[in-house]
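I opened a new notebook page for this structure. Here is what I looked up, entry by entry.

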Amino acid sequence: MRGVVRRSRSLPALVPIALLMIALGGCTLKHPTANLVHGKQLFVTKCGACHTLSHANTTGNIGPNLDVAFRQDRADGIKSTSIQGLVDYWIQYPNANTDSGALMPAMLYKGQAAQDVAAYVGAVAAKPGQDTGALLTAVQQTVAATPAAGKTVFTGVGGCGACHTLAAAGTSGTVGPNLDTRLKSDCALPASQKIRGATLDKCINTAIVNPYAYIPSGYTSGVMPNTFGKTLSPTQIKALVLFLSSAAK
């Protein structure tokens with residue numbers, strides 16, 4: 001769940017990998033055995049809110065579209081390991097956004113976790129098709145329909161805390177509406193109830209799976225991912241609804 005934010009561009013998204021590898025001065029980046037399933041889970045948790053990556057079913061547009069960023073590199077025959085090395089470098093040393101002044105947090109992931117994320121992006125960015133096998137179900141899990149399980153989804157694979165403030169989850173995101181102050185009141189508005197449902201649970205469910213059916217005042221479409229119906233399982237969504245409805249003030 002997200003609100004509006006200025007679209008940003010970063011230098012790496014605009015410069016071909018070959019040039020960047022030269023700029024790195026021949027720096028050798030090690031590529032230990034990576035866990036792609038774990039990498040996808042981590043990517044969806046903290047990166048998908050800002051980046052589009054079709055294989056991960058993420059549609060964030062705050063940062064570069066990773067499929068677009070690496071499309072020409074794929075066409076030029078750049079290897080996945082080279083893309084992995086560059087992504088790992090960007091995770092450690094992100095570039096300042098010259099358009100808006102925004103900055104991707106440095107060291108969002110470290111060590112093996114960063115390697116796993118970089119390896120997953122390197123393996124799938126700008127490639128046609130969809131994930132299969134274990135990667136297909138890396139994010140979707142069957143969970144208990146409880147508020148506690150929903151909190152785990154909110155702070156974990158849902159990536160909601162990166163964009164929303166919610167005291168019950170200990171998050172302070174500012175991209176989307178403050179859920180402590182606006183969730184219950186926005187869902188109570190007649191216009192919202194007409195579209196998203198009369199009950200708080202129905203409103204929250206619609207806001208998750210169809211976020212642009214009704215847009216709260218002060219926000220616009222195009223920022224909150226509209227793919228949670230695909231990336232999360234029905235039980236994860238149900239648990240998330242229960243957690244949010246119990247946490248709403």
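**Ground rules.** I am working with a predicted model, where local features need pLDDT of at least 70, side-chain atom pairs count only at pLDDT 80 or more, and totals for chains, interfaces and linings use all residues. Residues are numbered from 1 along each chain as its sequence is written, and side-chain values use heavy atoms, with hydrogens and water left out.

**Entry: tyrosines.** I began with Tyr-93. At 46% relative accessibility, Tyr-93 counts as partly exposed. I noted the scale: buried is under 20% relative accessible area, exposed is over 50%, and partly exposed is in between, with a 1.4 Å probe and protein chains only. Tyr-89 is partly exposed too, at 27%.

**Entry: aromatic pairs.** How many aromatic pairs does the structure hold? I found four. Rings of Phe, Tyr and Trp (its six-membered ring) pair if their centres lie within 6.5 Å; planes under 30 degrees apart are stacked, over 60 edge-to-face, and the rest tilted. One of the four joins Phe-43 and Tyr-120: the centres are 6.4 Å apart and the planes stand at 55°, so I logged the pair as tilted. This pair links distant parts of the chain, since Phe-43 sits in helix H3 and Tyr-120 in helix H7, 77 residues apart. Phe-43 is buried, with a relative accessible area of 1%. Tyr-120 is buried at 0%. Tyr-89 and Tyr-93 make another tilted pair, 5.1 Å centre to centre with 50° between the planes.

**Entry: helix H3.** I stayed with H3, residues 36-47. Helices (H or I, at least four residues) and strands (E, at least two) are DSSP runs, numbered from the N terminus. Which residues of H3 are buried? I listed Gly-39, Lys-40, Leu-42, Phe-43, Val-44, Thr-45 and Cys-47. The buried residues pack against strands S1 (52-53) and S2 (58-59), and against helices H4 (66-69), H7 (111-124), H8 (133-136) and H9 (147-155). Contact here means heavy atoms within 4.5 Å. At the start of H3, a side-chain oxygen of Asn-35 comes to within 3.1 Å of the backbone nitrogen of Val-37.

**Entry: positive phi.** I looked at two loop residues. Asn-57 lies between S1 and S2, and its phi is near 60°, a positive value in a residue other than glycine. Asn-57 is partly exposed at 29%. Met-107 lies in the loop between helix H6 (80-92) and H7. Phi of Met-107 is near 55°, also positive in a non-glycine residue. Met-107 is partly exposed at 36%.

**Entry: H9 on H14.** How do H9 and helix H14 (residues 234-247) pack? I read an angle of about 100°, with the axes 7 Å apart. That makes H9 roughly perpendicular to H14. Axes are lines fitted to C-alpha atoms, for helices over the stretch in contact, and angles run from 0 to 180 degrees between N-to-C directions. Under 35 degrees is roughly parallel, over 145 roughly antiparallel, 65 to 115 roughly perpendicular, and the rest oblique. Among the contact residues are Pro-147 and Phe-154 of H9 and Leu-240 and Phe-243 of H14.

**Entry: Ser-185.** Ser-185 is found in helix H10 (residues 179-187). Ser-185 is partly exposed at 39%. The C-alpha atoms of Ser-185 and Ala-248 are separated by 9.3 Å, though these residues are 63 apart along the chain.

Notes. A polar contact is a pair of N or O atoms within 3.5 Å; within protein, one must be able to donate a hydrogen and the other to accept it, and residues adjacent in sequence count only if both atoms are side-chain atoms.
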